[in-house]
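Try each task before reading its solution.

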Amino acid sequence: MSTDQASSADQLLASVDAEPGDRVRVHRDEDTLEGRVMPRHGFSDPDVVVLKLDSGYNIGLRVDEGDEVERLETGGEAPEQPPAMPDDVDELPTVALLGTGGTIASFVEYRTGAVHPATSPEELAAAVPEAFEHARLDPEVVFEAFSEDLTPDHWSQLADAVEAAFERGVEGVVVTHGTDTMHYTAMALELAFDELPGPVVLVGAQRSSDRPSSDAATNLTSAVRVAAETDAGEAMVVMHEGMSDETWAIHAAGRARKMHTSRRDAFQSLDHRPLGVVTDDAIEWNVEPREPADRVQRSGSFDADVGLVHSYPGIDADEIRAAARDGLVVAGTGLGHLPSHLAEDVDELTDEGTLVAMASQCLNGRTNMHVYETGRQLVEAGAIEAGDMLPETAYVKLVWALATADDPDEARELFRQPQGREQSPRTGFYYPREEAR
Amino acid sequence: MSDPDLVCGLEIHQQLDTGKLFCDCPTELDEREEVTITRRLRPTQSEMGEVDRAALAEARKGRDFSYEASSATACLVEADEEPPHALNQQALDVALTIAAMTDARPADEVHTMRKIVIDGSNTTGFQRTALVAKGGSIEISEGEIELEAMALEEDAARIMQRGSRQARYRLDRLGIPLVEIATAPQLHSPEAVREAAQRIGTMIRATGQAKRGLGTIRQDLNISVPEGARVEIKGVQDLDLLPTYVEQEQQRQRTFVELADRLSKTTSPEALPEGPVDVSDVFEHTDSSVVEDALAADGEVWALALPGFDGHLGTREETDHRLGRELAGYARSQGASGLFHTDELPAYGITEHEIGQVHEALGTDPDEDAFCLVAADPDIAQRSLEAALERAHTAFEGVPEETREALENGLTRYLRPLPGSARMYPETDVPPATIDPDRMAAIEAGLPELPEEKQARYQEELELNEEIAAALATSEHAGLFDDLVAEGAEASVAASSVLQIRPQVEDEGHEVPDELLREAVSALTDGAFTKDALEDVLLEAAREGLAIEDAVEELGLGGVSEDEAREIVEGIVDDNAEMVENQGMGAMGALMGQAMGELKGKLEGETVNRLVREAIQERI
């Protein structure tokens, strides 16, 4: 059906200059329908005109050459009434709200039903007024990207924005983020600072904010409360604790991982207790948060090239080599294994100067490469154990370690030393999932 | 009796048995509770892009919704924890089939919309609905009735408990497909309303994919009565009560048109107060348990003065349509469980003395004025009486436009104001469904037979009598009957097996699946046993979980040849030689009885009868 020339629907609408939002009457062989022209859906047939009828329903009408259309009135611009900021409440703490894309707060355009992210402070205030009851929000858009499109370079930009915000004197920072890679960014922000004078809280939504059941507003409000009301000097993730709108979990950077494609409680703490829980009335800590510092102090950068591969039955040397650059993290099987015949390739890679770290795709538990022969061979080949670090955490940390260290030995040391809560020599009884409280 | 001034329209919602509309869950109800989820809904931004702060404040102090679910009948889609799957194509085919049967014009592309509903009955805060076809018509005795629109939508969650602060739902029903058909307002008598509803219901059921049983069909009625108002009556489940709702609504509206007249003679809207007042003090030592309980739970008693209303609120004994009942409906819409008013007091433990004191507190005259009371949570009591006050004002104008809820006794009660035009947004998670001409052509080519067509075919081609043919044609098992006949069964045997024998076996508590019945009838057709043994065979197989072949053997029915039977019969006749000698053919009955005792189920009665007759004849 698709051709190089404009579709019959486009031609018909163009013949009367009708655009989305305009009211038209479409005459086809036997019937006549009136409504507003809507933009076509991505999966719509190109020969279909989509009308919003007076009943509110959209309907797709296939049109061809004999059909006619009249434009009855133009839709005009959506009524423009700039939303106002809530009154400044001086005694409230100031919290920077850093936007990175994603639709944690968004507008529905009523003529077309299209969803736009809320970017200005005014739009945000209109969308989630309750967040402003806990803090004076100071919003800024750092970049607008899907979280699956982010790179280590984005982490640096975001760290710059966090640093600038604390230098302006905010009490805390909230970062709104797409959920797909939010756990990578949380780890990056934790590593990017030697000292933090307040909490850096990452928050996202699993249900878009254009629906009454969205988790966006309550997640954001909980994140703002953590940023405004707690004394903590570390990066964390705040999201729904369960499927109910009752409690919100505070997860440690490096330990939080997106464990579900769609549920509100997709983020879980692995091998670690959630740091705390937010309820309507209180913020309760399970783990004492790190004391805030007096000032903000950066640490290192993310300018290094690291690959992350998942081992599987049949993986071959080419795949390992293609992923290995300055560094390579392998999400190995079990206690931290690759097929034994690849030990030789790992040996060559480490000889060529690549730092190779072995994590486990089990996600829970720690690596131990001294139990089986294959593990011992990999250690002899120069691979470093990631211990109880998640593969994604190990990846971010290796990028940071390589970019920050002056030489490979120092990078190796930075990687192995706990920098925050991302690794620990002790494994608690947290599996499969400890009740948060 | 057609009355051109009475204008009714119907909206039929019928559940389909196709699996849920936007996920792959079954469409069964289920009492198990595996998880409970608590949620709040939040108004979305208005068209202006702003959240209405008043509405938001209301929502925030408002209700928590809890949802019970079991994995057998719900999944993460119903819990709003997973995006919807694509529109169920089987359900769409049913809707397109009905469109073809009614000559409606299908959409070329079906777009799923979100209709905002934040009473908690949908976990998402909206109901997904899609317009499938427009136009078309049905034929009833008053003539042709046009159809306005046909939509497919998801059914709401099932309400289990409704409180002023909390509502509890089950997710089993959420997402069951509903086909919604709306007629034009062209029905002019109670009987026409019933006939149209029946006609539409019949057409949907003819597709063979409608769910059956209580609660699977719901009818909404739109009624405009001359001099009265347009009223929508929601949720009529019983088809036979439809005319009653129309008649009752006409009567109700007439009553309130007259009341407006009478009220205007004794009082005026200007005499009504600004609002209700707190009269809790009067009831400090009350004997009324309702009031006492409310006060004990930190509640208050509020009173609304109704100057000049004495005698106009009505009592239960006088009439079903009384203003007191309407005021109570408005109060209930704001969370009160009901209200007391002076026309029915003293009662419920409220004394003459207390009534006098309330009059005193309100400054009203017991001989002319009325008041009503609500004992509840202070906020609810106040809001409930404010709503009642609103209704007292409209009493002077006649009948307000409103949505009313159908009650089981044919009466209705106030539910909410008439809905404005629905707020609908595209459901961006569901791609539009293209209806190409080939699909419609295939549907047109395979349209289901309507019951009257089926009945005619059964009578003419299969020579069944009218009663049986009609029963089969409207039975949900007509398809099974057609299959049995196609597989070679005699029509009369197939009919009785479906209409009588299976229900009898099932009445004894043994389920007979279609497959088992087909197996049995097929064995019968092949001569494995006889007609009169069908029930025994089915019962044995169903009860013991046997294959038909094994049940036949277990009952000792298998294979008796005519020669073997003749031997048995001759033995019986010989044993009774004396009787045969004395009575001749008169012994037939007694000997037939004995022979059947031995041969029942193994050989057809007619054959046994012939063998007995021959054996007797040989001996006389």
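**Exercise 1.** In which hand, left or right, does helix 13 of chain B pass helix 15 of chain B?

Before starting, note that the model is predicted, with local features needing pLDDT of at least 70, side-chain atom pairs counting only at pLDDT 80 or more, and totals for chains, interfaces and linings using all residues. Residues are numbered from 1 along each chain as its sequence is written, chains are lettered from A and ligands numbered from 1 in the order in which they are written, and side-chain values use heavy atoms, leaving out hydrogens and water.

*Solution.* 
- Step 1: Locate helix 13 at residues 491-507 and helix 15 at residues 534-544, both in chain B; helices (H or I, at least four residues) and strands (E, at least two) are DSSP runs numbered from the N terminus.
- Step 2: Their axes come within 9 Å and cross at roughly 45 degrees. Axes are lines fitted to C-alpha atoms, for helices over the stretch in contact, and angles run from 0 to 180 degrees between N-to-C directions.
- Step 3: That angle makes helix 13 of chain B oblique to helix 15 of chain B; angles under 35 degrees count as roughly parallel, over 145 as roughly antiparallel, 65 to 115 as roughly perpendicular and the rest as oblique.
- Step 4: The crossing is right-handed, the near helix being turned clockwise from the far one by less than a right angle.

**Exercise 2.** Which residues of helix 14 of chain B meet helix 15 of chain B?

*Solution.* 
- Step 1: Helix 14 of chain B covers residues 514-525, and its axis comes within 11 Å of that of helix 15, crossing at roughly 140 degrees.
- Step 2: The two helices are therefore oblique to each other, and their crossing is right-handed.
- Step 3: From helix 14, B:Leu516, B:Leu517, B:Ala520 and B:Leu524 meet B:Leu534, B:Leu538, B:Ala541 and B:Ala542 of helix 15, where contact means heavy atoms within 4.5 Å.

**Exercise 3.** Is B:Gly586 buried or exposed?

*Solution.* 
- Step 1: Find B:Gly586 in the loop between helix 18 (577-583) and helix 19 (588-599) of chain B.
- Step 2: With a relative accessible area of 52%, B:Gly586 is exposed; buried means under 20%, exposed over 50% and partly exposed in between, using a 1.4 Å probe and protein chains only.
- Step 3: Its C-alpha atom is 9.8 Å from that of B:Ile616, 30 residues apart along the chain.
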